[in-house]
Structures are given as structure tokens and as C-alpha cells.
Amino acid sequence: PDTVHVASRIEKVGRSSATIKQIIVSESERAVAAEGEAVLVYFNYLEGKPVPIEEPLRSVLHSLSGKRG
């Protein structure tokens, strides 16, 4: 068994999506065990298409990313 630590950060905020990067570190190995990236799309299922990320969510995502939009 091992304990792992997961860190996530918002890498990019686009018009209708946000890119989230993750890193998983093994406590026993003291090394990176895995890295990942996910693109989350703000999607309107009724219209069947991506839509622009609305305020205040856009502001929150930018503040969490540490970058200004």
C-alpha cells in the first residue's frame, strides 16, 4: 500500500472549456507516479453544442488559475 498526493491546477480557460492538469506523487517512492490532463467543456445538452463559459464561473476559473483573462 502507498499514500499518494494529487495536485490539480487550471492550466487554461478558453471560450467554452477549461484545461485541468493533475499530478500524482507517490509518498513511499517520493516520485511522480502519474500525470494527467483533462479538458472540461461547458456544454448545452439541449442544443447539442459547447457554449461560452458564463460569468461568474469564468472569473472563478481565472482566479483559481492565477492567470488573468
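Trainee: How do the side chains of Lys49 and Glu47 meet?

Mentor: Lys49 and Glu47 make a salt bridge, with 3.7 Å from N to O. The term stands for a side-chain nitrogen of Lys or Arg within 4 Å of a carboxyl oxygen of Asp or Glu. Bear in mind that this is a predicted model, where local features need pLDDT of at least 70, side-chain atom pairs need 80 or more, and totals for chains, interfaces and linings use all residues. Residues are numbered from 1 along each chain, and side-chain values use heavy atoms, without hydrogens or water.

Trainee: Is Lys49 buried, exposed or something in between?

Mentor: Lys49 counts as partly exposed, at 42% relative accessibility. Buried means under 20% relative accessible area and exposed means over 50%, with partly exposed in between (1.4 Å probe, protein chains only).

Trainee: How many salt bridges does the count come to?

Mentor: The count is three. One of them joins the side chains of Arg9 and Glu11, at 2.6 Å from N to O. Arg9 is partly exposed at 49%, and Glu11 is also in the partly exposed class, with a relative accessible area of 23%.

Trainee: And what about Glu37 and Lys21?

Mentor: Their side chains form a salt bridge too, with an N to O distance of 3.5 Å. Glu37 sits in strand S3 and Lys21 in strand S2, so to speak, 16 residues apart, and the pair links distant parts of the chain. Glu37 is exposed, with 52% relative accessible area, whereas Lys21 is partly exposed, at 29%.

Trainee: Let's move to the strands, then. In what order do they come in the open sheet?

Mentor: The open sheet has three strands in the order S1-S2-S3, and the pairing is antiparallel. Helices (H or I, at least four residues) and strands (E, at least two) are DSSP runs, numbered from the N terminus. Two strands pair if DSSP finds at least two bridges between them.

Trainee: Which strands stand at the edges?

Mentor: Strand S1, residues 4–13, and strand S3, residues 31–41. Each has a single partner strand, so one side of each is left without a neighbour in the sheet.

Trainee: How far are neighbouring strands turned against each other?

Mentor: On average they are turned by 20°, with direction ignored. Here axes are lines fitted to C-alpha atoms (for helices, over the stretch in contact), and angles run from 0 to 180 degrees between N-to-C directions.

Trainee: What packs on the sheet?

Mentor: Helix H1, residues 57–65, packs on the sheet and touches S1 and S2 (contact means heavy atoms within 4.5 Å). The direction of H1 makes about 120° with that of S1.

Trainee: Back to the pairing. How many bridges join S1 to S2?

Mentor: Nine bridges join S1 to S2, which run antiparallel. These two strands form a hairpin with three residues between them.

Trainee: What lies between S2 and S3?

Mentor: They form a hairpin with four residues between the strands. Have a look at Arg30, in the loop between S2 and S3. Arg30 has a positive phi of about 50° although it is not a glycine. Arg30 is also exposed, with a relative accessible area of 75%.

Trainee: Where should I look for Phe43?

Mentor: Phe43 is in strand S4, residues 43–44. Phe43 is partly exposed, with 35% relative accessible area.

Trainee: Last one: is the peptide bond from Glu55 to Pro56 cis or trans?

Mentor: That bond is cis, with omega near 5°. You'll find Pro56 in the loop between strand S5, residues 49–50, and H1.
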